[in-house]
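Let's take a walk through a protein structure together. Keep the 3D view open and turn it as you read.

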Amino acid sequence: MFDLKKYRKKSPWILHYNAGSCNGCDIEILAALSPKYDLERFGVINTGNPKQSDIFLVTGPVTYRTRERLVELYTQMPEPKVVIAVGSCACTGCVFRDMYNVEVGIDRYIPVDVYVPGCASSPELIIDGVVKGLEILEHKSKEMEKPFKLFKAATIDDGIVNRRHSALKVGEDDAKD
Amino acid sequence: MKKTINIPLGSQHISLLEPVRFKFECENEKIIGVDSDVGFVHRGVEKACTTSFKFDSIGYVVARVCGLCAITHSLTYTAAIEKLLGAEITSKAKYLRILLLELDRIHSHMLCLAHTCENAGFEAMFMRIMGDRELIMEIQELITGNRIQFDYINIGGVNRDLDVNSVQKVKENLYEVKQKVQGYMDEFTNNWSLSLKFKGIGALSLDEAYMYNAIGPLARASGLRIDVRNEIDYLPYNEVGYKMQTHTDGDINARNIVRLNEIVNSIEMCENILNGVPEGEIVTKVKGKPEGETVVRFEAPRGELMYYVKANGTAMLERVRIKTPTFSCIPAFSHIFLGEEYADAPAVLASFDPCMSCTAK
Ligand code: SF4
């Protein structure tokens with residue numbers, strides 16, 4: 001049978017968005033896809049379509065005008081998805097920290113799974129980041145398979161059960177409770 | 001009924017690195033109106049230069065305006081400050097600065113050529129050029145310690161000396177790139193299917209280039225002989241064998257050929273420099289605080305880059321104004337699109353080599 005999960009792990013597709021970077025990190029992503037480093041031989045393809053992508057590579061601190069698109073692209077990607085922040089800018093803001101039009105890194109707006117440091121972060125680091133992202137992707141898709149319990153057993157002694165607390169979150173281990 | 005359709009391109013697009021949005025007004029495949037929006041990556045660098053950084057660290061901040069011509073940005077700023085301080089730098093530092101400037105130009109032009117091919121649908125050529133570009137990145141890493149965003153230039157000279165052992169490797173790689181560029185030259189002039197995509201498309205005549213104030217390779221491909229390297233005497237460009245490259249057609253093919261010729265010329269200049277680097281110190285001590293105002297121009301890979309710096313004798317500057325090459329070319333860009341097929345738009349756009357990071361700052 002056609003098993004989507006198996007192939008997703010073997011050939012993840014990436015979506016790349018420049019949220020106000022200096023182009024340094026974007027070129028390094030291109031270089032990672034080009035013959036010397038050749039991410040494409042592992043099936044990693046740069047797509048332009050958020051609806052086909054599994055891994056979201058973001059560069060640059062979020063500027064005032066790119067944040068809308070950033071969140072929009074993130075929400076358009078199907079689950080499971082992994083967000084990788086490439087470069088010091090996307091992690092913490094780099095030299096652009098505290099300038100009037102930028103935020104300090106992208107994790108204010110979307111959840112980040114892997115941080116890749118460096119200004120500019122080198123292709124080797126980006127490849128490491130993508131490989132790390134694949135592990136997380138696998139973990140996430142396993143979690144999605146589990147039957148989703150809406151409520152845990154009430155464990156709080158005083159009898160007050162908060163729905164927010166007892167809801168099972170994706171990624172949380174079942175064995176823990 | 002309305003006869004035209006509006007087609008947007010960007011801000012997120014697979015073949016454009018830059019977040020830029022174009023709105024093409026099309027009538028039966030022909031573009032009859034263009035609207036562009038470049039402000040997506042505005043970060044406020046100019047303001048930050050006068051409020052939160054001291055003058056001796058701004059060189060590293062303005063380098064982050066653009067990843068491709070970072071070295072030109074930091075050099076132009078540093079030259080402005082050196083002018084204000086009245087500092088004299090050694091001739092060895094000058095030669096090393098030209099070396100890195102030209103290496104930067106080579107890899108930037110190669111990226112542009114690769115992109116133009118990819119957007120015209122020639123994926124294999126894209127991979128080929130990108131693969132050969134790594135040779136340049138390698139030697140940049142060897143000389144400066146980083147592939148992109150090497151903070152090589154500081155006030156008074158450069159940060160790292162040229163390693164005697166690595167010079168040999170640099171020469172070998174440059175020689176190899178030179179061979180490859182001859183191969184591209186053949187491909188770009190003789191490949192029939194590329195010529196369908198490139199010849200006669202997106203033409204800018206000499207008069208139009210003059211009128212719309214085009215600069216850089218865009219103007220030189222139309223036959224306008226402007227190049228800042230020819231006009232300044234701050235760096236010894238004439239000594240290292242600089243030759244201006246022009247073409248007369250003004251179409252995408254002409255721009256590619258100009259870029260290829262410039263790569264060859266840059267390689268020659270680098271070889272000349274490596275053969276005759278003068279002895280001496282790489283840094284001279286510079287004291288004092290800048291005072292007064294000045295304008296400094298340099299030739300970035302895409303054209304003339306201009307910095308205006310105003311200082312008042314304290315560590316904080318009063319004003320830093322950056323005029324970037326792409327900004328001056330926007331009128332010419334918008335004009336070229338008119339009357340072209342929509343299908344050619346990505347290739348035309350890539351052949352300008354626009355840099356939105358610079359433009360929006
Ligand atoms: S981390 Fe450095 S190289 Fe990367 S986008 Fe930011 S400033 Fe540019």
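This is a predicted model: local features need pLDDT of at least 70, side-chain atom pairs count only at pLDDT 80 or more; totals for chains, interfaces and linings use all residues.

**A guided tour, starting with charges**

What holds for charges in general? Side chains of opposite charge can pair when their charged atoms come close. If you search the whole structure, you find 19 salt bridges over all chains.

Let's pick out a few of them. Which residue of chain A does B:Arg147 pair with in a salt bridge? The partner is A:Glu28, and the closest N and O atoms of the two are 2.9 Å apart. This pair crosses between chains: B:Arg147 sits in the loop between α5 (123-144) and β4 (153-154) of chain B, while A:Glu28 belongs to helix α2 of chain A. Are these two residues buried or exposed? B:Arg147 has a relative accessibility of 4%, so it counts as buried, the cut-off being under 20%. A:Glu28 also counts as buried, because its relative accessibility is 1%.

Now look at a pair within one helix. A:Glu135 and A:Lys132 form a salt bridge, with 3.8 Å between the closest N and O atoms. Both residues lie in helix α5 of chain A, and they are 3 residues apart, which is about one turn of the helix. A:Glu135 is partly exposed, with 48% relative accessible area, and A:Lys132 is partly exposed too, at 44%.

Then hop over to chain B, where the side chains of B:Lys180 and B:Asp132 meet in a salt bridge at 3.8 Å, N to O. Here B:Lys180 lies in helix α6 (residues 164-190) and B:Asp132 in helix α5, both of chain B, so the pair ties together parts that are 48 residues apart in sequence. What about their surroundings? B:Lys180 is partly exposed, with a relative accessible area of 31%, whereas B:Asp132 is buried, with 10%.

Time to look at how chain A is put together. How many helices and strands does chain A have? Count them and you get 6 helices and 5 strands. If you trace chain A from the N terminus on, the elements run α-β-α-β-β-α-β-α-β-α-α. Chain A has 177 residues, and 47% of them count as buried. Now take the contacts in chain A between residues at least 6 apart in sequence: 74% of these join residues at least 24 apart.

Next, the strands. Strands of a sheet pair through backbone hydrogen bonds, either parallel or antiparallel. In chain A, 5 strands form an open sheet with parallel pairing, in the order β2-β1-β3-β4-β5. Which strands are at the edges? They are β2 (45-47) and β5 (114-116) of chain A, each of which pairs on one side only. From one strand to the next, the twist averages 30°.

Zoom in on one end of this sheet. Strand β4 (residues 82-86) of chain A pairs with β5(A) in the parallel sense, over 3 bridges. If you find A:Ala85, its bridge partner in β5(A) is A:Tyr115. Helices pack on the sheet as well. Helix α3 (residues 66-76) of chain A touches β1 (13-18), β3 (55-59) and β4 of chain A, and its direction makes about 170° with that of β1(A). Helix α5 (residues 123-145) of chain A packs on the sheet too, touching β3, β4 and β5 of chain A, with its direction at about 175° to that of β5(A).

Strands β2 (residues 21-27) and β3 (residues 30-37) of chain B pair in the antiparallel sense over 7 bridges. B:Glu27 stands opposite B:Lys30 in β3(B). The two strands, β2(B) and β3(B), form a hairpin with 2 residues between them, and B:Asn28 in the turn has a positive phi of about 50°.

Last stop: the ligand. Where does the ligand lie? You'll find the ligand between chains A and B. Around the ligand are 13 residues, of which A:Cys22, A:Cys25, A:Cys89, A:Cys119 and B:Arg64 come nearest. In the shell around the ligand, α2 (24-33) and α4 (87-92) of chain A each supply at least two residues, and the largest share, 3 residues, comes from α4(A). Sort the shell by type and you get 6 nonpolar residues, 6 polar and 1 charged.

How values were computed:
Residues are numbered from 1 along each chain as its sequence is written. Chains are lettered from A and ligands numbered from 1 in the order in which they are written. Side-chain values use heavy atoms; hydrogens and water are left out. Two strands pair if DSSP finds at least two bridges between them. Helices (H or I, at least four residues) and strands (E, at least two) are DSSP runs, numbered from the N terminus. A residue is near a molecule or strand if one of its heavy atoms lies within 4 Å of it. Ala, Val, Leu, Ile, Met, Phe, Trp, Tyr, Cys and Pro count as nonpolar, Asp, Glu, Lys and Arg as charged, and the others, Gly among them, as polar. Axes are lines fitted to C-alpha atoms, for helices over the stretch in contact, and angles run from 0 to 180 degrees between N-to-C directions. Contact means heavy atoms within 4.5 Å. A salt bridge is a side-chain nitrogen of Lys or Arg within 4 Å of a carboxyl oxygen of Asp or Glu. Buried means under 20% relative accessible area, exposed over 50%, partly exposed in between (1.4 Å probe, protein chains only).
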